[in-house]
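Please look over the chain shown here before reading the report. The text below is meant to be read alongside the sequence and the coordinates.

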Amino acid sequence: MLGRLFLLVATLFILHAAFSTYDHLSHLKSIGKPEGALPYDITLEAVIGSAMGILGASLNAAPLKEVTWSSEMKTRSIDEMDARLGFANYISRGRKFFS
């Protein structure tokens, strides 16, 4: 729940920073000064929104799975793991198809 809240707030921060950037650039264009740096508060708002988005996505993610051999063997049997299908002989089946 907290992760989704962070994502929502981050989205609002990023959208507001985008609107503020558009507004600032429109203002610069109207006074005949099309080049200029963004104000510090807009940049700070975008950085904070990005950081909150990363934090929200991290909190909202599913729990990590264990990737060790022992955890894999809990779900499989030794017969499934030691089948050695790479050494299977398909010549006998081929003879039945092409005869």
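The report below goes from the basis of the model to the overall fold, and then to individual helices and residues.

## Basis of the model

This is a predicted model, in which local features need pLDDT of at least 70 and side-chain atom pairs count only at pLDDT 80 or more, while totals for chains, interfaces and linings use all residues. Residues are numbered from 1 along each chain as its sequence is written, and side-chain values use heavy atoms, with hydrogens and water left out.

## Overall fold

The protein chain has five helices and zero strands, and its pattern along the sequence is α-α-α-α-α. Here helices (H or I, at least four residues) and strands (E, at least two) are DSSP runs, numbered from the N terminus.

Of the 99 residues in the protein chain, 13% are buried, where buried means under 20% relative accessible area, exposed over 50%, and partly exposed in between (1.4 Å probe, protein chains only). The accessible surface of the chain is about 8,700 Å², with 65% of it belonging to carbon and sulfur atoms; these areas come from the Shrake-Rupley method with a 1.4 Å probe, and for residues only the protein chains shown count as cover. Among contacts between residues at least 6 apart in sequence, 70% join residues at least 24 apart, a contact being heavy atoms within 4.5 Å.

## Helix 1 and the annotated segment

Helix 1 covers residues 2-30. At 1.5 Å a residue its 29 residues should span 42 Å, and its end C-alpha atoms are 42 Å apart, which agrees; the expected span is 1.5 Å times one less than the number of residues. Just after helix 1, Gly32 takes a positive phi of about 80 degrees.

An unreviewed UniProt entry lists residues 1-20 as "signal peptide"; UniProt positions are given in the numbering used here, feature names are shortened, and annotations may be inferred rather than shown by experiment. In the model, the span of residues 1-20 is 95% helix and 0% strand, with its end C-alpha atoms 29 Å apart.

## Buried residues and contacts

The buried residues of helix 1 are Gly3, Ala10, Ala17, Ser20, His24 and Leu28, and what covers them includes helix 2. An α-helix has 3.6 residues a turn, so residues three or four places apart point the same way.

Ser20 counts as buried because its relative accessibility is 16%. Not counting residues up to four places away in sequence, Ser20 touches Ile42 and Glu45, while Thr21, under that exclusion, touches Leu38 and Ile42. Thr43 is found in helix 2 and is partly exposed, with a relative accessible area of 37%. The C-alpha atom of Thr43 is 9.0 Å from that of Thr21, 22 residues apart along the chain, and 10.0 Å from that of Ser20, 23 residues apart in sequence.

## Nonpolar surface patch

Leu2, Leu5, Leu8, Leu12, Leu55 and Leu59 make a nonpolar surface patch of about 570 Å². Patches are made of residues with over 30% relative accessible area and no salt bridge, with like charges joined within 9 Å and nonpolar side chains (Val, Leu, Ile, Met, Phe, Trp, Tyr) within 5 Å; a salt bridge is a side-chain nitrogen of Lys or Arg within 4 Å of a carboxyl oxygen of Asp or Glu.

Helix 1 and helix 2 (40-60) each supply at least two residues of this patch, and helix 1 gives the most, with four residues. Leu59, in helix 2, counts as partly exposed at 46% relative accessibility.
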